Each structure stands twice: as structure tokens, then as C-alpha cells.
Amino acid sequence: MADQHESIDLRSPPAEPAAAAGHSWFPGPPPPIYSCTLTPELVAKAREELQEKPEWRLRDVQALRDMILKDQPNLRTRLDDAFLLRFLRARKFDYDRALQLLLNYHAGRKAWPEVFQDLKPSTVKHVLDLGFLTVLPQPDPNGRYILCLRPGKWKPNDYPFVDNVRAIYLTLEKLIQPEETQVNGIVILADYSGVGMSQASNPGPFLAKKVVSILQDGFPIRIKAVNIINEPRIFKGIFAIIKPFLKEKMAERYILHGSDLRSLHRNIPRSVLPEEYGGVAGHLDMSAWSRILLDSEEEFIVEFCQPDPLEGVVPPDSMLYEGEQASGQDDDTFRGLRSQLYYCY
């Protein structure tokens with residue numbers, strides 16, 4: 001929820017056309033050698049909220065890098081400054097928690113091959129064409145990009161539910177590239193118009209647990225609010241499946257608006273919302289974000305579509321998901337996970 005007293009605009013200045021790779025409203029990928037792109041306002045916000053000290057930033061990155069090399073010598077992962085900073089910021093520069101998040105990030109990839117194998121935008125084009133998700137072109141006044149999900153557009157006969165998860169994950173990977181997202185976080189707007197029993201019952205608790213585990217404990221992004229609109233009566237049943245897997249802080253960030261757009265506008269201003277949601281930012285354009293993802297095909301091929309060089313390697317117990325104990329039971333959960341880790345960059 002946006003802070004009512006927040007008066008500083010934490011949105012980044014418009015990207016240069018060359019940097020935006022042809023897309024005027026979303027920043028291009030970071031350069032190979034890290035250089036801080038945060039505005040003075042965001043530097044101050046990162047210091048206050050994330051315990052990030054600019055003068056110690058690279059020292060902290062090196063400390064995490066040293067921990068990886070010492071404690072997890074078989075973990076094949078990117079070690080560049082920009083990549084490791086994502087995990088430090090997501091865990092407020094706590095080295096141990098940042099390392100655990102990195103381990104979860106890689107473990108999640110291996111644990112769910114249906115999502116991560118051959119993961120690239122062209123393989124989810126049918127999801128994008130259907131209008132299942134988009135990112136609104138204007139961030140909110142707190143600088144947070146708004147991920148808009150429309151689950152009612154999908155029908156179980158269209159394609160497997162896991163394809164939706166693939167599209168969401170690719171979107172999050174793209175969203176987390178700009179440093180402002182790492183500091184500001186994102187907001188989710190989920191429009192449940194058209195959701196019926198067939199969609200509600202399809203994922204089930206097993207898939208719900210996997211999705212929540214990855215997004216909550218296995219991805220370096222700060223989800224600051226989840227706004228649900230037009231939810232049907234059966235949403236209580238949907239949320240009952242999801243809620244047991246949510247941490248208390250995350251569960252408190254779910255805001256149910258029903259069909260009350262005024263309630264929505266108290267959390268997301270009309271100035272950044274499309275007309276379909278009572279806003280003044282033009283019609284909802286589902287194609288712009290699709291083009292951004294599809295134009296990023298090469299970078300995702302490098303990231304996700306390389307052969308696994310650690311096939312057969314079994315990592316230690318420390319690579320379990322945060323807060324879970326190894327039990328050797330229930331192969332259908334992350335409990336006791338012994339996942340192979342790989343470097344595909």
C-alpha cells in the first residue's frame with residue numbers, strides 16, 4: 001500500500017531511447033560492468049529501508065561472493081556485482097539470508113523442470129497473446145512497476161497452467177533487472193473477472209505451494225502489495241489454498257477490493273491505471289510488454305537454455321528452502337529437496 005505521507009517521486013527518469021532497446025518506458029538490460037544507476041532519492045531510500053550504504057556496496061557484494069566461493073564451491077552461479085546485488089537488496093544486506101535466497105533461487109529452477117526447462121519468451125507467446133498478464137507502462141508514485149494479471153482469460157483447455165507460471169517468472173526476471181525495482185519493489189494487480197470453478201480448482205495446493213515457495217523464498221524481488229479486484233465468491237476458496245503457504249507479512253499485503261474501484265484507487269492512483277480500471281492512462285495495452293519480453297529472447301536463452309554442467313551432483317542440506325527441515329518424505333514438496341544446481345549464463 002502506498003504511504004500516504006510519501007511526497008518524493010521515486011520513479012526513475014525516462015530511459016534514453018538507446019538504453020531502452022526501442023522501448024521508451026522500460027529500461028534496457030544492465031551493462032556488463034556494474035555502475036550504480038540509482039537517483040539520489042533512491043540511494044537514500046535504499047539506505048533507510050534496505051540498510052544499503054553506497055560506500056560499502058561493493059564491499060558487501062565481495063563479501064557475499066567470498067561466502068559463495070568458500071561455502072558453496074560447487075554452486076555454478078553468476079557472480080557479477082549487478083546479479084549479487086539483487087539478493088543483497090532483497091534480504092536487506094544480511095549476508096546469510098542473501099546466500100540462502102540465492103541457493104533457493106537455483107534450487108527452485110531444478111525442482112520444477114516443467115517451468116524452467118527451455119524457458120524463453122517465444123515458448124510463452126500463446127500466454128502473452130491471450131492477455132493473461134502485462135506490466136503497466138507507468139510505475140506508481142512510489143516507483144513500483146505494476147504487474148497486471150488476468151487469470152480469467154485462461155481456461156484449462158487452452159494450455160497447461162504451468163505455462164502461466166513460466167510467463168510470470170520471465171516477467172519477474174525482466175522486472176528485476178533495473179535497480180529501481182530492486183529498491184522500490186513491485187505491486188501486483190490481479191483482475192479475477194471471469195474466473196470460475198474450472199480455473200479455481202486447476203492449480204490445486206501442490207502447484208500453489210510451489211508457486212508461493214518460489215516467489216516468496218526463491219526470487220529476489222520485493223512484492224509490496226497484491227491488489228485483488230473483481231474477485232468472485234469462490235475466491236475465498238482460492239485464497240484458502242494459498243494462505244497456508246504465505247508468511248504473515250505477505251498475507252497482510254493482500255488487499256481485496258471486489259468491484260469497488262474507489263477502494264482500488266486509494267492504493268493505486270488513477271493516474272497510472274488504464275481506463276478499464278477507472279484510470280486515465282489510456283486503454284489497457286497487452287502488446288507492449290509482450291514485445292519487450294519477445295525482444296529479450298537472446299538474453300533468456302543464455303540464462304535458461306544451456307545444458308546443465310552439474311548433472312548428478314547432490315548439494316548439501318544447506319540448500320533446503322528457508323525454514324524447512326529435511327525429512328526424506330513427500331517427494332512432491334520442497335521438503336528434503338536435493339536439487340542439482342547449474343550455471344547457465
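This is a predicted model: local features need pLDDT of at least 70, side-chain atom pairs count only at pLDDT 80 or more; totals for chains, interfaces and linings use all residues.
Residues are numbered from 1 along each chain as its sequence is written, and side-chain values use heavy atoms, with hydrogens and water left out.

Grid points are joined across faces, edges and corners, and a volume is the space filled by probe spheres set on the points. By this rule, three cavities of 30 Å³ or more are counted. The largest cavity holds about 760 Å³ of space, and among the 35 residues that line it, Leu149, Tyr192, Val211, Ile242 and Tyr254 are the closest to its centre. With helices (H or I, at least four residues) and strands (E, at least two) taken as DSSP runs numbered from the N terminus, at least two lining residues of the largest cavity come from each of strand S2 (145–149), helix H7 (162–175), strand S3 (186–191), helix H9 (197–201), helix H10 (204–217), strand S4 (223–229) and helix H11 (235–242). The most is given by H10, which supplies seven residues to this lining. When Ala, Val, Leu, Ile, Met, Phe, Trp, Tyr, Cys and Pro are counted as nonpolar, Asp, Glu, Lys and Arg as charged, and the others, Gly among them, as polar, the lining of the largest cavity comprises 31 nonpolar, four polar and no charged residues.

The second largest cavity holds about 70 Å³ of space, and its lining consists of Trp112, Val115, Phe116, Val165, Ile168, Tyr169, Val211, Ile214 and Leu215. Helix H5 (113–116), H7 and H10 each contribute at least two residues to this lining, which by class has nine nonpolar, no polar and no charged residues.

Pockets were treated separately, a pocket being an open set of grid points with protein on both sides within 12 Å along at least five of seven lines. About 450 Å³ of space lies in the second largest pocket, which is lined by 15 residues, with Ala90, Arg91, Arg97, Lys249 and Arg253 nearest its centre. At least two residues of this lining are supplied by each of H10, S4 and helix H12 (248–251), and the lining divides into five nonpolar, one polar and nine charged residues. Because domain 1 (40–111) and domain 2 (115–305) both give residues to the lining, the second largest pocket lies between them; the domain bounds come from an automatic or database domain assignment.

The structure holds 18 salt bridges, each defined as a side-chain nitrogen of Lys or Arg within 4 Å of a carboxyl oxygen of Asp or Glu. In one of these salt bridges, the side chains of Glu179 and Arg89 meet at 2.9 Å, N to O. Since Glu179 belongs to helix H8 (residues 179–184) and Arg89 to helix H3 (residues 81–90), this pair ties together parts that are 90 residues apart in sequence. Both Glu179 and Arg89 are buried, where buried means under 20% relative accessible area, exposed over 50%, and partly exposed in between (1.4 Å probe, protein chains only). A salt bridge of 2.9 Å, N to O, also joins the side chains of Arg109 and Glu303, and this pair links distant parts of the chain, with Arg109 in helix H4 (residues 95–111) and Glu303 in helix H15 (residues 297–304), 194 residues apart. Arg109 is buried, at a relative accessible area of 3%, and Glu303 is likewise buried, at 8%. Through salt bridges that share partners, Arg78, Asp80, Arg86, Arg109, Glu173 and Glu303 are joined into one network.

Two further residues were considered individually. Arg57, in helix H2 (residues 57–71), counts as buried at 8% relative accessibility. With contact meaning heavy atoms within 4.5 Å, and with neighbours within four places in sequence left aside, Arg57 is in contact with Tyr34, Cys36, Leu38, Glu52, Leu85 and Arg89. Leu130, in helix H6 (residues 125–130), counts as partly exposed at 29% relative accessibility. Leu130 touches Lys153, Trp154, Asp158 and Tyr159, not counting residues up to four places away in sequence.

Definitions and conventions
On a 1 Å grid over the protein atoms alone, a cavity is a set of points where a 1.4 Å probe fits but cannot get out, and a pocket is an open set with protein on both sides within 12 Å along at least five of seven lines; lining residues have an atom within 4 Å of a point.
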